[in-house]
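The sequence and structure come first, and the report follows.

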Number of protein chains: 2
Amino acid sequence: MPHEVLALLNQPSADAAPHTEGAAPFAFADVAAPQVSVLDLAATRGDGIFEGISVGYGKPQAFEHHLQRFARSARMLDLPAPDLALWRQAVLAAIEKLEPGDEAWVKTVMTRGVEGDGRPTGWVYATRSADFSRVRADGVSVVLLDRGYRHDVAQTSPWLLQGAKTLSYAVNRSVFREANRRGADDVIFVSSDGYVLEGPTSNVVYRRGNTLLTPGPGLGILDGTTQVNVFRYAESLGLTTGLELATPVHLAEADAVWLVSSVRLAVAVTAIDGIAREVDTEFTADLNAWLKALEQ
Amino acid sequence: MPHEVLALLNQPSADAAPHTEGAAPFAFADVAAPQVSVLDLAATRGDGIFEGISVGYGKPQAFEHHLQRFARSARMLDLPAPDLALWRQAVLAAIEKLEPGDEAWVKTVMTRGVEGDGRPTGWVYATRSADFSRVRADGVSVVLLDRGYRHDVAQTSPWLLQGAKTLSYAVNRSVFREANRRGADDVIFVSSDGYVLEGPTSNVVYRRGNTLLTPGPGLGILDGTTQVNVFRYAESLGLTTGLELATPVHLAEADAVWLVSSVRLAVAVTAIDGIAREVDTEFTADLNAWLKALEQ
């Protein structure tokens, strides 16, 4: 069975015409062959949306949450609504075709399609995950980087698409290079007015006493699918959970800080801007075992 | 002869390996067929750069300026340096193959390539231009929209890539939809601290008395290839030119305002946020005739 699987959707949205009249809803395709037009707005403008869904022991995790977020991103970009029943079916079929294993992940991508055509392009890509065991055990050092926007920009200026998971992620990659130049592994974004936001590919979670916290509400950050599950886990242990408008001081004074994301799961933050900090190795390991085994 | 031409580069940068050892420097390809991998970082992350070059009467305009800006964008994104001699050759070959006409344009795209591969992807796409005669004659109504960033963000936070021409342009498209919702045609971005920046696909130029002005310096906006030529034209008429940190009041009080860009050239701004304003029809027409005939 293959290590990676690609399925192309014939009609990613019921609100737009199919690519081929009467064709199957989706078809498997060769990952090694080119599949996207140079005129597709994904390739020319980063004009589309995506989700990255973790697959633990063959089960897509936080699946409905991911699909709902995908639909929400589409609304924020004025894209036609994804046909979630079809996307669900294509994701499950791609997983079934993939070589089994403990950990895999699936990316769903919907673009605005070829400019002027009016039909979105959609594909599902599934692959075995890289081995994250080391980073989950060792954690990451992070730097705080200015995102440039005020913390309330999603309310004042929704056209900036903050909180949508778009294909325009050049900055989310650029900040990793800046982190590496500073000798760090990862990034936590801070708003121009000094509030903690999120990582470029993760949410921030921190513990203060018996409470697990995440920045919010109303920050124009991604509604974290893994963060929600981390809170469920914490609540199952009797911890309280909550949202808080946090500054870097809140992180410095926290008992532990994590970056949480769908595929890498939870990684401890071991240092912020070069200042080492406490980690909770046992909690992190138990949390990741729980997240891996999760079905919802 | 074809209405559109696509050329794929075998080795977009001399600092990275070719895609096929010993192959021709570039090859023409079928525009209608898919040419980009779903794993290319252009399609998944908007991680790449582009230029759009106007071709007037068969001559690429501001060609060296575009190529230098392409190289500058590559540096800002830590991409390997584009082999400008090869890109120049591919652009000229694509134009030569294109059906002749008064106006055409060429897009150059270089992406970071397939994730983990290390070789950038590069293509040149040439096509006949749409007919812009009406918008050049009638002008556009614009709305002022917050870009969310302070005017000095390129200096304080270079990882935000302001001033690079990247493939992460979802916001530059989203703002057109916001303008349309407000009954306008186009957009002028304003910094979060109130300075006029640029359009999503253009630079702003305005006239006050005998002086033509453009916002600057140090605003993290694109170094406008057409704006430079507009200034050359103005100077040939005896007007003075300059840069100015401008607020919306400067635009409201200007004698005329234009959005200038490579392919659409100069269009008069006929209204800002619903308030109609003076236009200079004759100057605009003469300027566009001069820009169309330009060879450098």
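Chain A and chain B bury about 4400 Å² between them, and carbon and sulfur atoms give 55% of that area. Buried area here is the accessible area (1.4 Å probe) that two parts lose on being put together, summed over both. In chain A, the residues that lose the most area to chain B are A:Val38, A:Arg45 and A:Trp159, together 18% of what that side buries.

This is a predicted model: local features need pLDDT of at least 70, side-chain atom pairs count only at pLDDT 80 or more, and totals for chains, interfaces and linings use all residues. Residues are numbered from 1 along each chain as its sequence is written, chains are lettered from A and ligands numbered from 1 in the order in which they are written, and side-chain values use heavy atoms, with hydrogens and water left out.

**The interface**

The contact (heavy atoms within 4.5 Å) takes 49 residues from chain A and 49 residues from chain B. Of the interface residues of chain A, 100% are also interface residues in chain B, so the copies meet through the same surface.

The rule finds 10 salt bridges across the interface. A salt bridge is a side-chain nitrogen of Lys or Arg within 4 Å of a carboxyl oxygen of Asp or Glu. One of them joins B:Glu115 and A:Arg173, with the closest N and O atoms 3.5 Å apart.

Which elements of chain A each supply at least two residues of the side that touches chain B? They are β1 (4-9), α1 (41-45), β6 (121-128), β7 (140-146), α5 (153-156) and α6 (170-181). The largest share, 8 residues, comes from α6(A). Helices (H or I, at least four residues) and strands (E, at least two) are DSSP runs, numbered from the N terminus.

**The sheets**

In chain A, 6 strands form an open sheet with antiparallel pairing, in the order β2-β1-β6-β5-β3-β4. Its edge strands are β2 (26-29) and β4 (59-60), each pairing on one side only. Chain B also has an open sheet of 6 strands, antiparallel, in the order β2-β1-β6-β5-β3-β4. Two strands pair if DSSP finds at least two bridges between them.

| Strand | Partner | Bridges | Opposite residues |
|---|---|---|---|
| β3 (48-56) of chain A | β5 (103-111) of chain A | 9 bridges | A:Ile49 and A:Met110 |
| β3 (48-56) of chain B | β4(B) | 2 bridges | B:Val55 and B:Pro60 |

**Backbone details**

The peptide bond from A:Gly216 to A:Pro217 is cis, with omega near -10 degrees. A:Pro217 lies in the loop between β10 (211-215) and α7 (225-236) of chain A. In chain B, a cis peptide bond joins B:Gly216 and B:Pro217, with omega about -10 degrees. B:Pro217 sits in the loop between β10 (211-215) and α7 (225-236) of chain B.

A:Asp273 has a positive phi, near 50 degrees, in a residue other than glycine. A:Asp273 belongs to the loop between β13 (265-272) and β14 (275-276) of chain A.
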